[in-house]
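Biologist: Could you put the model up on screen? I'd like to go through a few spots with you.

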Amino acid sequence: EAGWVVQDKRSIDLNRGAGQAVREYTTDVGPADYVLFVGGTPVGVVEAKKETLGQSITTAEDQTEEYAHAKLKWVNNADPLPFLYEATGVLTRFTDVRDPKPRSREVFTFHRPEMLKNWLEAGSSLRSRIYGMPPLNPDAKPSRELGLRDCQERAIVNLEQSLKENRPRALIQMATGAGKTFTAITSIYRLLKFAKARRVLFLVDTRNLGEQAEQEFMAYVPTDDNRKFTELYNVQRLRSSAVAPDLQVCISTIQRMYSILKGEELDEALEEDHPAEHRPARKEPFPVVYNPRLPIEFFDFIVIDECHRSIYNIWQQVLDYFDAFLIGLTATPDKRTHAFFRKNLVSEYDHEQAVADGVNVGNEVYVIETEVSTDGGTIPARQLVEKREKLTRARRWELQDEEEEYAASQLDRKIVNPDQIRTVVRTFRQKLPEIFPGREEVPKTLVFAKTDSHADDIIQIIREEFGEGNQFCKKVTYRNEEDPKSVLAQFRNGYFPRIAVTVDMIATGTDVKPIECVLFMRDVKSRNYFEQMKGRGTRVLAYDDLKKVTPSARSAKTHYVIVDAVGVTKSRKTASPPLITRPSVPLKDLAMSVMMGTHDPDTVSSLAGRLARLDKQLDSGEQALVAEKAGGKPLGSLVKNLFNAIDPDNIEARACELANQPPGTNPGDANRDKARAEKVKEAAKVLTGDFINTIDGIRREKEQTIDHDNLDRLLRAEWDQEARENAEEIAREFAEYLERNKDGFAALTLFYDQPYRRREVTYRMVNELLEKLKTDAPKLAPLRVWQAYGQIENVRKTPHSELTALVALIRRACGIDETLTPFGDTVRRNFQEWVLQRHAGNTEKFNEEQMHWLQLIRDHVGTSLHFERDDLDYAPFDSKGGLGRMHELFGDEVDELIEELNGALVG
């Protein structure tokens with residue numbers, strides 16, 4: 001299969017095929033099981049062992065090496081043969097003796113002769129070239145001069161060290177938003193350039209992630225070359241089974257790569273949902289057979305994006321097939337991930353570190369708790385209740401026979417209580433000024449719904465409660481009739497939609513930086529999935545970029561808020577989803593498994609039985625819909641074909657045909673298995689992603705009861721206790737920062753140690769502190785600290801600017817003000833007291849025009865901290881006569897008055 005022509009030593013023909021494997025070839029230490037020839041030259045040795053010796057295969061390595069160093073008969077071989085194999089027919093191990101520290105590794109099968117020839121012509125092995133790669137940062141420059149963050153530089157350096165140590169698998173853990181893909185592309189660029197890697201596979205598990213990765217490759221420009229990556233190397237994102245032979249980087253979903261290896265066409269619907277969404281029913285992986293179009297050595301490296309979810313069960317076969325280094329990227333590894341990558345965690349950069357470094361933003365939790373969402377409700381007996389079909393939304397009324405209680409967990413599945421959704425949404429709208437003070441529009445908000453039906457209910461109620469149109473709130477799911485990418489692009493870059501509702505599409509791996517609020521209206525049991533969902537809000541965004549989509553934003557994105565309407569932040573989470581088996585496999589997963597190649601009788605008969613039961617429950621309209629999705633065939637036909645496909649008599653007859661034996665003889669289990677797989681595959685042709693989604697939608701509760709009786713009641717809407725504790729921690733850290741730096745900044749020195757000179761604080765002084773604060777401690781940005789105080793002291797007003805916020809915060813931290821007060825309010829209060837004192841004395845009272853000028857100075861100080869004589873040359877003073885007019889109004893007291901005002905207003 002791998003292209004070797006197997007020959008006996010008595011009938012050697014070195015002109016047949018690209019490479020020859022000669023049995024029992026004579027050497028000066030005895031006959032070698034096989035000697036491999038390419039282009040008439042011996043290049044390798046195969047030591048063959050019985051299957052039962054697989055458990056001790058490494059003991060055969062000494063034999064292989066001995067033959068490789070031996071003198072071959074009829075050949076003048078001066079150097080040892082470089083390519084060594086030990087094989088049992090089930091297990092194959094390979095060693096390239098040219099590696100720095102030659103170590104055998106398990107491979108799926110033999111490499112092709114052409115590959116061994118290329119390796120020899122290259123002059124050195126891949127691992128030797130990796131070992132000789134130049135360091136990433138030989139001059140120890142700051143990471144930013146390399147176009148990298150510290151965490152990215154560390155990940156690349158540690159990865160390359162792992163590769164030099166010939167570790168076959170490496171895991172990079174990097175927080176969402178920290179630049180995993182950019183890190184991977186930088187590594188790939190270096191491996192292509194310096195290690196002369198031939199091909200790299202960038203593996204994703206949804207088409208959406210593949211498109212994003214392709215865009216990043218197209219935008220990437222290395223620091224040592226002014227050309228883009230795609231100008232230097234061929235990059236192909238697979239849209240079909242055609243793989244370009246001259247590519248250097250291949251981007252593919254794991255589903256498509258799996259289908260290519262199996263030689264089957266891919267149902268594109270499988271590239272929409274990531275594999276972790278569906279648990280296969282079978283207990284063993286699907287077999288992958290050798291495919292000469294993609295030999296095992298086709299890729300040197302495989303980079304697996306979101307590797308915490310896509311490398312298990314059936315899909316692991318793709319990774320086991322290729323003889324390549326495996327590099328995993330994830331923000332949330334679980335125990336299985338660490339085990340798969342053999343605990344070789346080369347770089348760990350978690351969310352907490354990312355927040356501390358200003359790479360991510362942190363979150364706060366706001367809780368909305370209602371009576372129905374906590375306790376459920378009761379539908380009374382002997383009254384008409386509304387029933388609604390999930391798919392068609394058709395409505396009818398029926399008499400409720402008996403009282404029915406429902407739990408909160410049944411909401412939006414079997415029972416829909418519109419008022420529960422409305423109460424949550426209305427509370428969210430009403431509390432937005434508390435959650436996001438000073439905003440004129442709703443911050444970009446992502447709502448996680450339970451089902452498509454639930455999402456549709458939420459959207460309609462959000463539009464009503466906010467009094468907005470269709471553009472304001474939209475659904476973003478895989479099965480959206482509107483192109484989901486265009487909605488996603490609008491959500492990311494446009495003013496509308498302000499709120500996006502999704503079931504799962506952008507739970508992971510999709511970059512929407514402007515999201516500042518994540519509203520959970522569904523619970524999540526998987527800890528990893530929850531972390532990924534939260535991660536949609538964690539990306540940083542500069543002020544100018546945020547302002548483009550949220551004009552009333554007053555600063556860069558400083559944090560995001562989780563609005564918990566279902567107790568998701570408190571519910572128990574599992575470390576990871578179950579591996580394969582489940583007590584009861586859902587119909588959708590059974591159908592997906594059979595579509596993907598499962599053909600064991602238990603799974604097929606279970607699917608057929610479930611479909612037969614469903615067929616009896618369908619009305620005529622539903623039967624017609626299913627038949628349409630099945631190419632005109634009724635569901636009963638599929639059931640019959642599935643049962644026939646696993647019928648023992650049918651399988652036996654076909655197995656005898658495959659074995660070219662007469663009926664009644666024993667064709668062997670291998671032929672029986674092949675016959676069953678063939679028949680199930682034929683019967684399952686109608687199983688497509690669209691068909692399965694249709695029957696699954698029909699199978700679910702076909703009707704929902706609409707509860708109009710239980711009007712919901714808000715129990716509480718407040719910041720979570722942990723959010724308050726976080727706010728207190730931020731306030732404490734801010735005060736500690738000021739205390740530590742009070743001798744280093746003139747502004748702090750004046751406030752802390754020389755309060756009588758506060759009148760001398762200038763815009764420049766405070767701005768210097770502000771810039772340093774942003775650099776040293778981005779999480780302590782003034783508006784962020786202001787919001788923390790807002791939770792602690794119930795501050796509702798918003799500051800005029802970051803500078804005035806900082807001054808007010810300094811006053812609060814050093815004890816000048818007992819509560820946080822906007823600086824403008826402080827100035828106005830002090831101004832009023834100063835005027836009253838002046839008027840209470842013997843001095844002449846200010847007239848109306850003088851008061852107007854003094855109020856202009858007051859407002860200037862309120863926004864610019866300090867007033868100077870030169871300010872009279874600028875607006876609004878210049879248009880009113882400037883310094884000259886002020887002299888006319890106040891005479892020779894101008895300078896004295898300015899100094900007195902500075903002292904009084906900032907006192």
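This is a predicted model: local features need pLDDT of at least 70, side-chain atom pairs count only at pLDDT 80 or more; totals for chains, interfaces and linings use all residues.

Biologist: Where does proline 822 lie? And is proline 822 buried or exposed?

Modeller: Proline 822 is in the loop between α30 and α31 (823-840), helices here being DSSP runs of H or I with at least four residues, and strands runs of E with at least two, numbered from the N terminus. Its relative accessibility is 10%, so proline 822 counts as buried, given that buried means under 20% relative accessible area, exposed over 50% and partly exposed in between, with a 1.4 Å probe and protein chains only.

Biologist: How far apart are the C-alpha atoms of proline 822 and valine 807?

Modeller: They are separated by 8.8 Å, with the two residues 15 apart along the chain.

Biologist: Switching to α26, which of its residues are buried?

Modeller: In α26 the buried residues are Ala723, Ala727, Ile730, Ala731, Phe734, Tyr737, Leu738 and Asn741. Seen down the helix axis, they fall within an arc of 125°, so they line one face of α26; the arc is that of the directions from the axis to the C-beta atoms.

Biologist: What do those buried residues pack against?

Modeller: They pack against β15 (362-370), β27 (714-719), α27 (746-752), α28 (763-776), α29 (782-793) and α30 (802-813).

Biologist: What span should α26 have?

Modeller: Helix α26 (residues 721-741) has 21 residues, which at 1.5 Å a residue should span 30 Å, and its end C-alpha atoms are 30 Å apart, which agrees; the expected span is 1.5 Å times one less than the number of residues.

Biologist: And how many residues of α17 are buried?

Modeller: Six of the eight residues of α17 (527-534) are buried, leaving this helix mostly covered; among them are Tyr529, Phe530 and Met533.

Biologist: What about the chain overall?

Modeller: The chain has 34 helices and 27 strands, and 53% of its 907 residues count as buried. Its C-alpha atoms fill a box of roughly 125 × 85 × 40 Å along the principal axes.

Key. Residues are numbered from 1 along each chain as its sequence is written. Side-chain values use heavy atoms; hydrogens and water are left out. Contact means heavy atoms within 4.5 Å.
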